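Subject: Structure handover

Hello,

Here is the structure I promised you. Please have a look at it first, then read my notes below.

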Amino acid sequence: MSTQSFTNVQSGQMPPALARADVDGPLVSIRDLRVYFDLGGGGAFDKLFGGQTAKRVVKAVDGVTLDIMPGETLGLVGESGCGKSTLGRALLRLTEPTGGQVIFRGRDLAHLTQRELRGARRHLQMIFQDPYASLNPRMTVGQIIGEPLETFKLVGSRAERDARVRELMTTVGLSPRFIKRYPHEFSGGQRQRIGIARALAVNPDFIVADEPISALDVSIQAQIMNLLEQLQRERGLTYLFISHDLRAIRHVSDRVAVMYLGKVVELADARTIYDEPLMPYTKALISAVPVPDPKIEATRRRVVLEGDVPSPINPPRGCRFHTRCPFAIEQCKEVVPPLAEIKPNHFAACIRISPEEPHIEQVAPGDAPGLRQTGRRLAQ
Amino acid sequence: MNRLAIFGLVVVVLLVVVALFAPLIATHDVGATDLTHRFLPPSAEHLFGTDATGRDIFSRVVFGARISLRVGLVVVVVSSIVGIIIGALAGYYGGWIDRLISGYLFNVFLAFPGLLLAIAMVAFLGAGLNKLIFALCVIGWVGYARVMRGQVLKVREYDFVQAARALGANDLRILFRHILPNAIQPLIVQASLGMAGAVLSEATLSFLGLGVPPPAPSWGVMLEEGRDLSTLSAAPHALIIPGIAIALTVLAFNFIGDGLREYLDPRQRAR
């Protein structure tokens, strides 16, 4: 057990991995990843012509550190606009990260050249949210699924390509007879299967599934989730499963990370985070999930948050959740809480809790045990 | 499809046939003058009558279709290819390339009134069909480039373009297989409207004596020849008939353009 405290963050030392004891090393290590979008403003011209005088920057992802273990499904939840999709895209460099590292098999993807990156992309793939927008309407299924085979020169001939495509179509539960059809001839669930087959074509190790079921009917959602789980078992895939659907996340994830305004605020096993969430934000999220049993639903206590998510343009100082947190105190407006291990393998970013006093409801009013430098592991 | 577009299509098909088989359709030699048969009214011998030098107007209008369509086709093909390439570069790469192309180049070209620029260029280069085509291309490509840039900006954000990138496709492949086929529709409309514009510009410049030099049977040249007072009073059809030919051609292409726009944009189709 290490005994690091706040000071390590400033000293720039590599933060300890959030490794579980039973696996070797992480497959993907995200270190202090940041993605900022410059909205302009603050330049000489803006002052001259009455534009925005202050520089405006959206901090979509602001210092995320996570480890993704081989073979696991890491669920990433959060409200719309919290940066979860941007994080997923930045891992594959579909959005350029502003800073930080994404280490995959010892190589920092965030700093590869375009040429090196193209090679690395064979091992990392993505499944997109909208099965209508993610398939080129002017290509046949064969061309769509076969495209990665061609770009990575994995097949020699057209016939070989089509044979591979047919194989992949069977794998994801599509009839190979449809190889010459166009995407608009398929239903949403079938289209998502096409998207999955395309991602599988290059035999990746790691797949970012960006809301893969959000655009689908509930009945189809289960099918696609089951397909993803089956493929994971058969091929030893690792998923980063992004969703705002807490039930789906609970169903597929081994561990869950909760994001709020560009930061990971809580990280734990899926079961733990649903049964014993530590962060006030996570508690509110979990309590928003309806329970199918009407008796329980009628009596259960819900944590309702006041107000909306603040704008990620110039987000709140200190803890970003302090504007809506029912437990916020003065220090919360000043101190940025680090993601720290409160219970074994259960990390949370809150200054009002500590390993000794993990339950925020029981902490003395106005007290911030997290600020006392007690021994605990920091994630960032 | 609407009726006007079908009308336009029929006229254009007719024009193309006439232009292709002009030597077979024409009843007289286009250049042959016959001063004993000046200002003849339309008759069985001379379908559209004759002009001030006794040339057969029908045959000249038939051959004029060749000039008009040739100018229109070459101008549209060349300027749309140039426009598509430049617009695609600006839209796809963005950054300083886009600032240079759309912020500077586009605005400079758009700041000139198109026809004046063409007149200035023809005055500088000298009259002639090829120089006229060149001048019209120089003023024509900006329209295509702007439409293309806008389309590429839109299409490149689609998920399937992101997916192609994640799947290791290079820029060329993304541009030609994913972006272009999904961006081209408005350009087809632009091109058919561009045909009308080019035909009209050719006639205008030829009328002003800056296009095709006189003996050639350009409709603009015929208009110019028909507008002097003696011809106008003796044979008004020498002016009216090429005028109708120009108007009909321009209208036909415009109708096709509008029809295509409606057809490709479902929001307008419902009306």
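Start with helix 11 (residues 280-287) of chain A: six of its eight residues are buried, so the helix is largely enclosed by the rest of the structure. Buried means that 20 or more other C-beta atoms lie within 10 Å of a residue's own; 12 or fewer makes a residue exposed, anything in between partly exposed, and the C-beta atoms are placed from the backbone. Helices (H or I, at least four residues) and strands (E, at least two) are DSSP runs, numbered from the N terminus.

The model is predicted: local features need pLDDT of at least 70, side-chain atom pairs count only at pLDDT 80 or more, and totals for chains, interfaces and linings use all residues. Residues are numbered from 1 along each chain as its sequence is written, while chains are lettered from A and ligands numbered from 1 in the order in which they are written.

Back to helix 11 of chain A. Its buried residues are P280(A), Y281(A), T282(A), K283(A), L285(A) and I286(A). They pack against strand 3 (73-77), helix 9 (246-252), strand 9 (255-260), strand 10 (263-269) and helix 10 (270-275) of chain A. Two residues are in contact if their C-beta atoms, placed from the backbone, lie within 7 Å.

Y281(A) turns up again among the contacts of V265(A). Leaving aside neighbours within four places in sequence, V265(A) also touches V258(A), M259(A), Y260(A), M279(A), F321(A), A348(A) and A349(A).

Next, the largest nonpolar core. It has 167 residues, and A197(A), L240(A), V258(A), V265(A) and A348(A) touch the most other members. Its largest share, 15 residues, comes from helix 3 of chain B. A nonpolar core is a set of buried Ala, Val, Leu, Ile, Met, Phe, Trp, Tyr and Cys residues joined through C-beta atoms within 7 Å.

Now two helix pairs. In chain A, the axes of helix 7 (residues 188-200) and helix 8 (residues 218-235) come within 10 Å and cross at roughly 15°. That makes helix 7 of chain A roughly parallel (an angle under 35 degrees) to helix 8 of chain A. G188(A), G189(A), Q192(A), I196(A) and L200(A) of helix 7 meet I220(A), Q223(A), I224(A), L227(A) and L231(A) of helix 8. The residues of this contact divide into six nonpolar, four polar and no charged. Here Ala, Val, Leu, Ile, Met, Phe, Trp, Tyr, Cys and Pro count as nonpolar, Asp, Glu, Lys and Arg as charged, and the others, Gly among them, as polar.

In chain B, helix 3 (residues 57-93) and helix 12 (residues 237-264) pack at an angle of about 30°, with their axes 11 Å apart. Helix 3 and helix 12 of chain B are therefore roughly parallel to each other. I57(B), V61(B), G64(B) and S68(B) of helix 3 meet H237(B), A238(B), I241(B), P242(B), A245(B) and T249(B) of helix 12. By class, this contact has six nonpolar, four polar and no charged residues. Axes are lines fitted to C-alpha atoms, for helices over the stretch in contact, and angles run from 0 to 180 degrees between N-to-C directions.

As for chain B overall, there are 13 helices and zero strands. Of its 271 residues, 46% count as buried. The C-alpha atoms of chain B fill a box of roughly 75 × 45 × 30 Å, taken along the principal axes.

Best wishes

Methods: Angles under 35 degrees count as roughly parallel, over 145 as roughly antiparallel, 65 to 115 as roughly perpendicular and the rest as oblique.
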